[in-house]
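Have the sequence and the 3D view ready, and follow along one space at a time.

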Amino acid sequence: MSELVVRRLLIDLEQPVGRHWCGGDAFLTAWFNALSMSFPLGEQFFIDAVRNGFKALPADQQPRWQAEMQGFVGQEATHRRIHSLFNAQIEQHGLVNAWEPRARERLKLVEGSDARHALAITAANEHFTALFAEWLLSHTEVLDGCEPRLKALWLWHSAEESEHKCTAFDLYQALGGSHSWRKTWMRRVTLIFLTDTLRQTVDNLRRDGTLWQWGTWSSAVRHMMGSKGLLRLSFQPWRAYFRPDFHPSQQHSNLSAEWLAQNTALFTRVGTA
């Protein structure tokens, strides 16, 4: 079992956020904004999935999972709250969150189903966020030029995603979830997640008036497909998820722990939820 500490990030998101807050880069700003728009609803779904998975465990197994479940819920609830504040600020730029209503309708399709389905969906999404987190923590220059509070927001979130990336996966395994369904849900989540991210990013850029600027597209190619691009570097780790013997802990580095140890002044420990 993992010790998951719940932390309160000490930044002020009541103050306005700049239109191109990510170092003046329109593409990166629109892309990060798109991801943030998915978080409040997504984090709530993950919380519910893990809680319901915990309840589905045999009573004699629940005590050993209690602390990790509470830590996971606490971290995700904190992410949901702070990204809701962030999203309220970027809405002032005329952006519209079209991702959330689509996702809300899709999630209705799994309501009332076996708890393992929601856990498999959560585990797949957590793998995506863990890949993103590892990339961002190893390429922090992507956030050069950001306001310190916003750089702290994204790196703190990334560090905690790396911490709890095993929880939903392990619960799914503990409940006897099959490798076949785990692969099926990863295929579906991959298609949906990438499509929704692209759609929301493009819409953000369109509303910002920067969709057809050369700098927007050159930034997109460089940061996604370049030699240090997210998609290029994440393909093999993503593909590993389909192996029968895969476990999230196999893709481990010390970047999360190092960032948290070096930035203790940015947050306070509040225990578990």
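**Spaces inside the fold**

The second largest cavity has about 40 Å³ of volume. Please keep in mind that this is a predicted model. Around that cavity you will find Phe39, Thr129, Phe132, Trp154, His157, Ser158 and Glu161. Helix 4 (115-138) and helix 5 (148-163) are the elements that each give two or more residues to this lining. Helix 5 contributes the most, with 4 residues. Sorted by class, the lining of the second largest cavity has 3 nonpolar, 3 polar and 1 charged residues.

How many cavities of 30 Å³ or more are there? The count is 2, and the largest cavity holds about 80 Å³ of space. To find the largest cavity, look for its lining residues, among them Arg19, His20, Asn33, His93, Asn204 and Asp208. Helix 1 (26-56) and helix 7 (179-208) each supply at least two residues of this lining, and helix 1 gives the most, with 4 residues. The lining of the largest cavity is made up of 4 nonpolar, 6 polar and 2 charged residues.

The largest pocket contains about 670 Å³ of space. It is lined by 28 residues, and those closest to its centre are Trp31, Leu194, Met224, Leu230 and Leu231. Helix 1, helix 4, helix 7, helix 8 (214-225) and helix 9 (230-240) each give two or more residues to the lining of this pocket. Which helix gives the most to the lining of the largest pocket? That is helix 7, with 8 residues. The lining of the largest pocket counts 22 nonpolar and 6 polar residues, with no charged ones.

One more pocket is worth a visit. The second largest pocket has a volume of about 520 Å³. Its lining consists of 24 residues, and Arg106, Leu107, Ile121, Asn125 and Ile192 lie nearest its centre. Helix 1, helix 3 (99-107), helix 4 and helix 7 are the elements that give two or more residues here. Helix 1 gives the most to the lining of the second largest pocket, with 8 residues. By class, the lining of the second largest pocket has 15 nonpolar, 4 polar and 5 charged residues.

Note on methods. Residues numbered from 1 in each chain as written. Predicted model: local features only at pLDDT ≥ 70, side-chain atom pairs only at ≥ 80, totals over all residues. Heavy atoms only, no water. 1 Å grid on protein atoms, 1.4 Å probe; cavity = no way out; pocket = protein on both sides within 12 Å on 5 of 7 lines; lining within 4 Å. Points joined across faces, edges and corners; volume = space filled by probe spheres on them. Nonpolar A, V, L, I, M, F, W, Y, C, P; charged D, E, K, R; others polar.
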